[in-house]
Amino acid sequence: MASLRHAVRTVGLPVPDSESFADRQRPTDLETLSSLVGEDRLSSGFAAYRIAFGRLSGTVRPMPGAHALVSRLRGSGVALGVCTGRSRVEAQMLLDSAGLSVPLLTAREDAEPPKPDPCGLLAALRTLGVDRERAVYVGDGQADSDQGVRAGVRTYVVGAATLAPRPGVTSVASLRELPILRWRGQ
């Protein structure tokens with residue numbers, strides 16, 4: 001979102017608040033940017049977006065414990081994948097930059113409507129061959145919390161202490177607090 005906000009500012013428009021921003025989300029970042037800046041500013045806005053995203057993706061650092069968690073999950077035979085609200089190209093750039101070897105299962109263009117609608121997460125679970133009752137979804141924000149609840153999947157939100165408690169969602173301060181050892185048997 002930082003790259004989209006940068007693009008909106010670059011073309012001289014005010015950045016919308018989070019709710020308005022979420023309402024303008026589309027299947028790809030280009031379509032989202034078009035909804036934010038309009039067709040007349042899209043070319044210059046997208047150029048600014050790509051520059052900002054390129055800078056961002058080159059500096060991505062995964063959450064502390066991410067490499068260990070992925071390694072442990074892979075080693076235990078747990079089905080693992082990414083369901084993201086980002087476009088496929090940008091999500092893969094971020095995964096590569098972070099050095100995380102996780103299959104990218106569903107991206108924004110694979111799921112209509114976008115996150116927090118559950119269709120992307122449910123598609124990822126179908127790809128993995130995992131029933132939602134046995135699945136665990138880990139995210140880091142409100143859209144992840146909403147998507148997990150709507151999909152009927154046990155959800156953990158990492159580092160989002162400001163989210164209101166709700167059934168089906170557990171907030172944890174770090175990846176190290178995830179109950180990984182219990183997941184496999186459930």
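Reader: Where does P113 lie?

Author: In this predicted model, P113 lies in the loop that runs between β2, residues 104-106, and α7. The peptide bond leading from E112 into P113 is cis, and its omega is near 0 degrees.

Reader: And α7 itself, at what angle does it cross α8?

Author: The axis of α7, residues 119-128, and that of α8, residues 142-151, cross at roughly 65 degrees and come within 8 Å of each other. The crossing of this pair is right-handed.

Reader: Which residues make that contact?

Author: On the α7 side the contact is made by G120, L121 and L122, and on the α8 side by Q147, G148 and A151. Sorted by class, the residues of this contact are three nonpolar and three polar, with no charged residue.

Reader: Staying with α8, which of its residues are buried?

Author: The buried residues of α8 are D144, S145, D146, Q147, G148 and A151, and Q147, G148 and A151 are also the α8 residues named in the contact with α7.

Reader: What covers them?

Author: The cover over the buried residues of α8 includes β1, α7, β3 (136-139), β4 (154-158) and β5 (169-172). Just after α8 comes G152, which takes a positive phi of about 75 degrees.

Reader: Since β4 came up, which strand is V157 in, and is that residue buried or exposed?

Author: V157 is found in strand β4, and because its relative accessibility is 0%, V157 counts as buried. Setting aside residues up to four places away in sequence, V157 touches G139, D140, G141, S145, L163, V169, T170, S171 and V172.

Reader: How far is V157 from Q142?

Author: The C-alpha atoms of V157 and Q142 are separated by 8.3 Å, and these two residues are 15 residues apart along the chain.

Reader: Changing topic: how many disulfides does the structure hold?

Author: The structure holds zero disulfides. C83 is in no disulfide, and the nearest cysteine sulfur to that of C83 belongs to C119, 8.4 Å away. A disulfide would need the two sulfur atoms within 2.5 Å.

Reader: Are those cysteines buried or partly exposed?

Author: C83 has a relative accessibility of 13% and so counts as buried, whereas C119, at 24%, counts as partly exposed.

Reader: What about T84, where is its place?

Author: T84 has its place in the loop between β1 (82-83) and α6 (88-98). With a relative accessible area of 17%, T84 is buried, and the residues T84 touches, not counting those up to four places away in sequence, are A91, L104, T106, A107, R108 and K115.

Reader: And S87, what is it in contact with?

Author: S87 also has its place in the loop between β1 and α6, and at 5% relative accessibility S87 counts as buried. Leaving aside neighbours within four places in sequence, S87 is in contact with D29, A107, R108 and E109.

Reader: D29 is in helix α3, so how do the axes of α3 and α4 cross?

Author: The axes of α3, residues 29-37, and α4, residues 42-57, come within 10 Å and cross at roughly 125 degrees. The two helices are therefore oblique to each other, and α3 passes α4 in a right-handed crossing.

Reader: Which residues make the contact there?

Author: From α3 the contact is made by D29, L30, L33, S34 and V37, and from α4 by L42, G45, F46 and Y49. The residues of this contact divide into six nonpolar, two polar and one charged.

Reader: How are α4 and α6 placed relative to each other, and why?

Author: The axes of α4 and α6 cross at roughly 25 degrees and come within 9 Å. Angles under 35 degrees count as roughly parallel, and α4 and α6 are therefore roughly parallel to each other.

Reader: And which residues make that contact?

Author: Y49, R50, F53 and S57 of α4 make the contact with E90, M93, L94 and S97 of α6. By class, this contact has four nonpolar, two polar and two charged residues. Y49 is named here and also among the α4 residues in contact with α3.

Note on methods: Residues numbered from 1 in each chain as written. Predicted model: local features only at pLDDT ≥ 70, side-chain atom pairs only at ≥ 80, totals over all residues. Heavy atoms only, no water. Axes fitted to C-alpha atoms, helices over the stretch in contact; angles between N-to-C directions. Helix = DSSP H or I, 4+ residues; strand = E, 2+ residues; numbered from the N terminus. Parallel < 35°, antiparallel > 145°, perpendicular 65-115°, else oblique. Left-handed = near helix turned anticlockwise from the far one by under 90°. Contact = heavy atoms within 4.5 Å. Nonpolar A, V, L, I, M, F, W, Y, C, P; charged D, E, K, R; others polar. Buried < 20%, exposed > 50% of the residue type's maximum accessible area, 1.4 Å probe, protein only.
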